[in-house]
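Let's take a walk through this protein together.

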Amino acid sequence: DGFFDCLQETIPSYLTADTNVQRNEFYTSYERVIDALPPKRRLIFKLRHHDDLTTKVIASRLGLSIKTVQNQLGKAAEQLKGSLPRFLVLFPKGKR
């Protein structure tokens, strides 16, 4: 929920219905990319960005080092950027 809330806040209210269609496309594509992540990476990503847990809490819960959690989050972010580049123009640079 937290991750999508952040995205909602980055989309200016003056955008057209076409942008709403693009936003829905984005969410569908986003879910596909997240579902395609390796299971551990997907879990770490969701705990961080959907459940808003810190890397320290995630590491403790999963019995991993903080560095491993950070590495997995970085890899997930790279996969998202690589899979969703056409949507990045919808969001202001400072809000990605």
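Which residues in α4 meet which residues in α5? Keep in mind that what you are looking at is a predicted model. On the α4 side, the residues are Thr55, Lys56, Ile58 and Ala59, and on the α5 side they are Ile66, Val69, Gln70 and Leu73. Sorted by class, this contact has 5 nonpolar, 2 polar and 1 charged residues.

The protein has 5 helices and 0 strands, and along the sequence the pattern reads α-α-α-α-α. Of its 96 residues, 32% are buried. Take the contacts between residues at least 6 apart in sequence: 60% of them join residues at least 24 apart.

Is tyrosine 30 buried or exposed? Its relative accessibility is 1%, so tyrosine 30 counts as buried.

Now back to the helix pairs. Two packed helices are described by the angle between their axes and the distance between the axes. For α4 and α5, the angle is about 110° and the axes lie 8 Å apart. The two are therefore roughly perpendicular to each other, and their crossing is right-handed.

Next, find helix α3, which covers residues 39-49, and helix α4, residues 55-62. Here the angle is about 135°, with the axes 10 Å apart. α3 and α4 are therefore oblique to each other, and α3 passes α4 in a right-handed crossing. From α3, the contact takes in Leu43, Ile44, Leu47 and Arg48, and from α4 it takes in Ile58, Arg61 and Leu62. By class, the residues of this contact are 5 nonpolar, no polar and 2 charged. Ile58 of α4 takes part here and also in the contact with α5.

The loop between α3 and α4 deserves a stop, as aspartate 52 sits there. Most residues other than glycine have a negative phi. Aspartate 52, although not a glycine, has a positive phi of about 60°. This residue is exposed, with a relative accessible area of 57%.

The remaining pair on our walk is α3 with helix α5, residues 66-83. These helices pack at about 95°, and their axes are 9 Å apart, which makes α3 roughly perpendicular to α5. α3 contributes Lys40, Arg41, Ile44, Phe45, Arg48 and His49 to the contact, while α5 contributes Thr68, Val69, Gln72, Leu73, Lys75, Ala76, Gln79 and Leu80. By class they divide into 6 nonpolar, 4 polar and 4 charged. Ile44 and Arg48 of α3 take part here as well as in the contact with α4. Likewise, Val69 and Leu73 of α5 take part here and in the contact with α4.

Finally, which residues of α3 are buried? They are Arg41, Ile44, Phe45 and Leu47. Looking down the axis of α3, you will find these buried residues within an arc of 165°, so they line one face of the helix. An α-helix has 3.6 residues a turn, so residues three or four places apart point the same way.

Definitions and conventions
Residues numbered from 1 in each chain as written. Predicted model: local features only at pLDDT ≥ 70, side-chain atom pairs only at ≥ 80, totals over all residues. Heavy atoms only, no water. Axes fitted to C-alpha atoms, helices over the stretch in contact; angles between N-to-C directions. Helix = DSSP H or I, 4+ residues; strand = E, 2+ residues; numbered from the N terminus. Parallel < 35°, antiparallel > 145°, perpendicular 65-115°, else oblique. Left-handed = near helix turned anticlockwise from the far one by under 90°. Contact = heavy atoms within 4.5 Å. Nonpolar A, V, L, I, M, F, W, Y, C, P; charged D, E, K, R; others polar. Buried < 20%, exposed > 50% of the residue type's maximum accessible area, 1.4 Å probe, protein only. Arc of directions from axis to C-beta.
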